[in-house]
Amino acid sequence: MGGWIRWGGAVFFAVLVAVFAYLKTPVPPAFDKKAAIDAAAAFDARIIRDGFGVPHIYGDRDADVAFGLAYAHAEDDWATIEDVIFFSRGTLAQRKGKSAAIPDYLIAALGIKASIDEKYETDLSPEARAIAEAYAAGINFYCAEEKRRCARGAAPVTGKDIVAGFTSRTPFFYGLDQQLTEIFEGDVELAETAKQTREAFLRVPRGYETGSNAMAVAPSRSADGHTRLMVNSHQPFEGPVAWYEARVKSGEGWDMIGGLFPGAPLILHGAGPDLGWAFTVNKPDLVDVYALEVDNAKNPKRYKFDGGWRDLEIRKVKFRVKLFGPLSLPVTRKAIKSVHGPVFVTDNGVFAVSYAGEGDIRTLEQWYRMNRASDYTEWRDALSMLAIPSFNVVYADGDGIIAYYYNAALPVRAADIDWSQAQPGSDPALLWRGTRTLNEVPQVVMPRSGYVVNANHPPFAASGREDNPKIEDFPPHYGIDGRTTNRGLRIQALYGTDKSITAEEFVRYKFDNRYAEGSRLIAMVNEILERADETEFADEVALLRGWDGAVTPDSRAAPLAVLTAQKARGDLLNDVNIKEPDYVEALRKTSAELRAAYGRVDPTWGEVVRLSRGDQSLVVAGGPDTLRAIYPQGDLSEGPLKAVAGDSYILYADWSGPGNVDIRTIHQFGTATLDETSPHYADQAPIFAEERWKTPPMALEDLLTEATADYRPGQTR
């Protein structure tokens with residue numbers, strides 16, 4: 001009997017060892033630190049940090065600057081950059097577990113790595129590759145300097161990893177995740193995890209959407225004849241798409257200051273001596289879904305197309321999902337592709353997806369060309385690549401040129417089809433046939449009215465009435481989004497009615513915190529005033545009846561109005577899918593929450609919403625979908641709501657003539673993204689809350705007078 005027990009114990013132990021070996025996460029190849037240090041010797045970057053810790057990177061070559069930018073950003077936000085690297089490789093689930101499994105699968109299913117491997121040498125210029133590889137070298141050098149500074153497997157980073165960071169994220173700005181969620185509808189687990197892809201890809205809080213404002217005025221509309229630009233993106237305050245500020249200047253002519261995301265080796269939007277631009281999110285219809293007729297609904301190998309059967313392209317993709325400790329579950333899935341694009345097998349059928357940017361790895365190339373443009377012609381040539389598949393863009397320069405483009409890589413597709421519905425995948429006439437040119441999108445260049453604006457509203461209100469694109473010139477199959485925003489209404493009411501805008505007015509209008517008469521929130525207030533029973537809501541009705549629509553720190557009506565609207569319509573207030581929101585019930589719940597938390601229905605906005613960072617808790621004006629955009633999140637029972645998104649990095653550029661620019665900027669927190677002990681962790685927060693600016697020193701001699709650090713990576717400070 002004892003022998004059987006010993007034998008059984010040995011078998012159990014052997015099985016346990018086998019299971020452990022199966023689940024043990026493989027150790028990544030050793031990182032050759034010496035090679036990384038040797039490679040860094042090819043670059044010479046000087047990093048000078050100004051009085052707010054913002055890095056100004058100087059170098060003889062563009063590649064030197066990209067190397068220094070990587071090193072400086074890694075010093076301030078390495079943990080986020082590290083996550084971006086693993087995400088871009090499709091290996092984030094090995095670190096984060098199940099929540100990152102769907103994104104890892106999508107990276108593989110969309111074929112991003114395969115496209116980069118195939119096209120890296122052919123589709124990117126040597127100059128763009130040099131930028132990507134120099135940035136990778138800066139990260140590798142940062143990891144090589146100290147033990148355990150970077151996670152195992154993070155380094156070595158390659159230029160292809162940097163390109164993948166661009167290629168993998170851009171489709172999720174225009175809504176690829178929403179289409180995938182609809183495809184998975186009916187499969188509860190898949191649908192829920194697909195909804196999480198926006199959080200995993202962009203780290204955008206659930207219920208929020210990236211928005212933005214952008215404004216430019218020409219000399220003809222300025223009181224002093226200047227050209228002005230406002231770069232005002234609305235992003236999460238933390239995470240992989242939170243803005244980081246840097247200045248770059250090379251001996252080859254690269255000279256920009258602006259915002260970038262972790263892992264980006266370029267200024268994504270900002271300004272330089274000659275020109276600048278601002279992006280806002282647009283939502284063109286850049287995704288189409290096809291229902292495939294297949295030979296086997298659960299395990300398809302062929303699909304009907306053009307009267308016959310075609311083989312699906314099928315490959316196996318492997319990734320690992322972290323369990324606990326050193327253990328992770330190896331997962332193998334099929335990545336399937338048809339002539340239309342990636343294919344997904346669901347409980348509702350087999351669907352293929354065509355989406356803008358598929359297989360195009362030139363996003364970094366376009367941004368680099370925009371960074372290096374010296375005038376409007378060069379900048380527009382870069383924009384015409386359409387390798388950045390979406391975003392509204394507002395442009396201005398020292399020559400007095402202003403422009404607006406509804407930038408979108410619109411597909412050439414059949415005109416008489418309802419593309420909001422899945423189409424039969426067997427019909428070759430429904431295939432995409434290339435991309436329309438930049439000339440075919442709505443745009444306004446040098447308008448007679450002298451201004452261009454966008455606040456995520458339709459392109460047909462980008463300028464003065466006589467200058468706007470005409471909606472009838474753009475057929476429905478273009479899929480141009482027609483959503484309205486309060487910001488779109490207010491931006492026209494302010495910039496569009498002032499014929500002579502002073503510098504002070506240009507800035508003041510941007511910080512407007514009021515809801516327009518035609519906005520959804522004011523419509524809600526009016527409906528409540530009509531429908532609410534005053535015997536139950538006497539205090540609430542009196543409060544809302546006296547409200548002026550402004551969200552100021554001392555407003556006692558704003559909390560009730562804004563939080564009721566968010567409860568009824570979602571955090572953005574602009575959820576068009578809510579047909580008949582129950583405003584009265586939302587009012588009842590909001591009123592109860594305010595009374596429970598504050599003992600009254602009318603605490604001030606400054607009591608209810610705070611800009612919090614470290615040990616600072618600051619009052620701040622503005623609310624959801626106001627030009628001064630502040631999006632709060634939290635539970636009132638646990639204290640004031642925390643501003644988590646909205647106005648973040650803002651840049652204001654003022655040209656009095658060619659090459660003569662005055663630039664001011666502000667960030668919601670500061671340069672030290674993760675280091676709570678740094679003086680720059682929250683040093684800009686009070687200035688931001690007070691709607692003031694800092695002036696970055698653009699001349700070297702001015703920079704050196706306030707420099708807090710001056711060093712070359714790898715050399716003595």
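Let's start with Asn 140, which is buried, at a relative accessible area of 9%. Buried here means under 20%, using a 1.4 Å probe and protein chains only. This is a predicted model: local features need pLDDT of at least 70, side-chain atom pairs count only at pLDDT 80 or more, and totals for chains, interfaces and linings use all residues. Residues are numbered from 1 along each chain as its sequence is written, and side-chain values use heavy atoms, with hydrogens and water left out.

Asn 140 sits in helix H7, residues 126-145. Helices are DSSP runs of at least four residues, strands of at least two, numbered from the N terminus. What does Asn 140 contact, leaving aside neighbours within four places in sequence? Phe 31, Ala 36, Ala 155, Pro 156 and Val 157. Contact means heavy atoms within 4.5 Å.

Next, a helix pair. H16 (residues 520-531) and H18 (residues 558-569) pack at about 100°, axes 10 Å apart. Axes are lines fitted to C-alpha atoms over the stretch in contact, and angles run from 0 to 180 degrees between N-to-C directions. So H16 is roughly perpendicular to H18, a label for 65 to 115 degrees. H16 brings Arg 520, Leu 521, Met 524, Val 525 and Ile 528 to the contact. H18 brings Ala 561, Val 562, Thr 564, Ala 565 and Arg 569. That contact divides into seven nonpolar, one polar and two charged residues. Ala, Val, Leu, Ile, Met, Phe, Trp, Tyr, Cys and Pro count as nonpolar; Asp, Glu, Lys and Arg as charged; the others, Gly among them, as polar.

Key: Angles under 35 degrees count as roughly parallel, over 145 as roughly antiparallel, 65 to 115 as roughly perpendicular and the rest as oblique. Buried means under 20% relative accessible area, exposed over 50%, partly exposed in between (1.4 Å probe, protein chains only).
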